[in-house]
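I am opening these notes to keep track of what I look up in this structure, one topic at a time.

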Amino acid sequence: MSQGVRHAEPVLPVPDVEEALAWYESALGATDAWRWGDPVVHGGCRLGSQSVQFAKRDGGPSGISLWCLVPRLEAYREALRERGTVVAEELAEKPWGVSEFAVHDPFGVRLCFAGRAVVRTTGMERIAVRR
């Protein structure tokens, strides 16, 4: 279908949009934050080439997880740690062919960061290499 979806981005419900923007900037290095309303009831930012939005809602999100493909996964994880971001789930190889680690934002959203796994064969052993 030539008229299909060209772009999609999540709108996460949060009790405090300013707090969400501040955390995503300081913990994840988000950029280009924008705000709407006085007081602020909606906003967004960029995570690399992708965008995420926040909408003020009482109670916040529940059961939401974002899966983000990242080049140089291990370097990204270390950069987050240098920012003081807590890694909630350590880096692990997954049977579906990627390596993943996760952090949780203050509102309960699970952000899973993944990198493609490359398998190289040397003789009789297989070695998984993360990019």
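How many nonpolar, polar and charged residues make up the lining of the largest pocket, by class? I was working from a predicted model, and in that model I counted 13 nonpolar, 6 polar and 2 charged residues in this lining.

**Entry 1: the pocket**

I then looked up the extent of the largest pocket, and I noted about 450 Å³ of space in it. The lining consists of 21 residues, and those nearest the centre of the pocket are L47, G48, Q50, C68 and L69. When I turned to the elements behind this lining, I found that β3 (42-47), β4 (50-56) and β5 (65-69) each supply at least two residues, and that β5 gives the most, with 4 residues.

**Entry 2: the overall layout**

To place these strands, I went through the secondary structure, which comes to 2 helices and 9 strands. Read from the N terminus on, the elements run β-α-β-β-β-β-α-β-β-β-β. I also looked up burial for the protein as a whole, and of its 131 residues 35% count as buried.

**Entry 3: a nonpolar patch on the surface**

Which residues form a nonpolar patch on the surface? I found W34, W36 and V41 there, with about 320 Å² of accessible area together.

**Entry 4: salt bridges**

My next search was for salt bridges, and the count comes to 6.

Because E18 lies in helix α1 (residues 17-28) and R35 in strand β2, the pair ties together parts that are 17 residues apart in sequence. Both partners are partly exposed, E18 with a relative accessible area of 34% and R35 with one of 40%.

E90 forms a salt bridge with R77, with the closest N and O atoms 4.0 Å apart, and I note that this value sits at the cut-off, which is within 4 Å. E90 lies in strand β6 (residues 89-93) and R77 in helix α2 (residues 73-82), so this pair ties together parts that are 13 residues apart in sequence. Buried or partly exposed, what are the two partners? R77 is buried, with a relative accessible area of 13%, whereas E90 counts as partly exposed at 47% relative accessibility.

E89 forms a salt bridge with R110, and here the closest N and O atoms are 2.9 Å apart. This pair links distant parts of the chain, with E89 in strand β6 and R110 in strand β8 (residues 110-122), 21 residues apart. On looking up their accessibility, I found that E89 counts as partly exposed at 29% and that R110 counts as partly exposed at 26%.

**Entry 5: a network**

Terms used
Residues numbered from 1 in each chain as written. Predicted model: local features only at pLDDT ≥ 70, side-chain atom pairs only at ≥ 80, totals over all residues. Heavy atoms only, no water. 1 Å grid on protein atoms, 1.4 Å probe; cavity = no way out; pocket = protein on both sides within 12 Å on 5 of 7 lines; lining within 4 Å. Points joined across faces, edges and corners; volume = space filled by probe spheres on them. Nonpolar A, V, L, I, M, F, W, Y, C, P; charged D, E, K, R; others polar. Patch = residues over 30% accessible without salt bridge, like charges linked within 9 Å, V, L, I, M, F, W, Y side chains within 5 Å. Areas by Shrake-Rupley, 256 points an atom, 1.4 Å probe, with all protein chains shown as cover. Salt bridge = Lys/Arg side-chain N within 4 Å of Asp/Glu carboxyl O. Buried < 20%, exposed > 50% of the residue type's maximum accessible area, 1.4 Å probe, protein only.
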